[in-house]
Amino acid sequence: MADRVHPSESSPSPDPPPESTPNPPEKTLPPAGTYVIQIPKDQIFRHPSPDKARLYHKYSSRKPRRGRRCCCWFLALAALLIFLLAIAAGIFYLVFRPEAPSYSVQDISITGFNVSSEAPVSPGFNVTVRAENPNKKISIYYEKDSSVRVYHSDVNLCNGVLPAFHQPTRNVTVFQTKLNGSGIVLTSAVRETLLNQQLQGNIPLKLKLKAPVKIKVGSVKTWTITVKVSCDVTVDKLTAASKIVSNDCDFSVRLW
């Protein structure tokens with residue numbers, strides 16, 4: 001007996017998934033409080049309004065101020081003044097032929113300087129200075145309130161003053177001044193250096209001189225001028241019988 005074949009029931013096919021529609025792109029929004037304003041080009045490059053054009057014409061046609069004219073006059077006057085001063089200086093040099101004075105230390109006598117003791121020293125210096133005025137028509141007045149100082153290794157040993165005097169034309173004046181120091185404390189290093197230099201007969205000292213002076217040209221006397229003299233002096237010993245080994249002086253002038 002033949003078997004009966006029944007047709008197999010096929011399972012229903014699943015529905016295809018619905019097609020996903022792409023989301024439209026989101027528009028970028030400007031941040032809060034920000035506004036974008038578009039202005040037509042013809043409004044950007046257009047001519048100024050009549051009222052602004054009149055204002056521009058008013059300021060552009062304004063005459064230059066008097067300040068520039070005054071500045072030009074001031075510069076011209078200053079240039080003329082400098083030119084006249086240069087001429088006057090040249091005439092002064094040709095007529096008077098000024099020469100610089102010269103200074104030198106002639107002698108130094110030293111007392112009260114015992115470097116072998118650790119006690120403070122009170123040295124005394126008798127300094128003889130030679131001042132030469134080589135000018136024919138210029139004399140020098142040395143005024144009061146001068147100062148003279150002697151140093152060794154930046155240690156101020158003694159102080160004094162210069163005598164006030166008048167130095168005529170073509171004159172050499174030799175004057176003596178007494179300098180005193182009191183209670184000068186010397187370090188052990190300075191004492192040892194002085195002992196060694198004294199044994200070698202070569203003790204360097206620095207003399208600084210400052211004097212207010214007035215220059216007389218003919219019958220005209222100038223204002224007070226400050227003369228500064230710096231001398232490098234080397235002596236053989238620190239006694240009353242000391243002798244100068246070398247002597248070199250430079251001077252400078254402060255006009256005001």
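Trainee: Which strands each supply at least two residues of the lining of the largest cavity?

Mentor: Bear in mind that this is a predicted model. The lining of the largest cavity is made up of Tyr103, Ser104, Val105, Val129, Leu207, Leu209, Val229 and Cys231. Setting these beside the strand ranges, the ones that each supply at least two residues are strand S1 (102–111), strand S8 (203–217) and strand S10 (225–235).

Trainee: Which strand gives the most to the lining of the largest cavity?

Mentor: Tyr103, Ser104 and Val105 are among the lining residues, and strand S1 spans 102–111. With three residues in the lining of the largest cavity, the strand that gives the most is S1.

Trainee: How many charged residues does the lining of the largest cavity have?

Mentor: The lining includes Leu207, Leu209 and Val229, and by class it has seven nonpolar residues and one polar residue. The number of charged residues there is none.

Trainee: Turning to the largest pocket, which residues of its lining are the closest to its centre?

Mentor: About 390 Å³ of space lies in the largest pocket. Out of the 21 residues that line this pocket, the closest to its centre are Pro101, Ile138, Ile215, Ile225 and Val253.

Trainee: Which strand gives the most to the lining of the largest pocket?

Mentor: Strand S3 (138–142), S8, S10 and strand S11 (244–254) each supply at least two residues of that lining, whose residues divide into 17 nonpolar, three polar and one charged. With three residues, the strand that gives the most to the lining of the largest pocket is S8.

Technical notes
Residues numbered from 1 in each chain as written. Predicted model: local features only at pLDDT ≥ 70, side-chain atom pairs only at ≥ 80, totals over all residues. Heavy atoms only, no water. 1 Å grid on protein atoms, 1.4 Å probe; cavity = no way out; pocket = protein on both sides within 12 Å on 5 of 7 lines; lining within 4 Å. Helix = DSSP H or I, 4+ residues; strand = E, 2+ residues; numbered from the N terminus. Nonpolar A, V, L, I, M, F, W, Y, C, P; charged D, E, K, R; others polar. Points joined across faces, edges and corners; volume = space filled by probe spheres on them.
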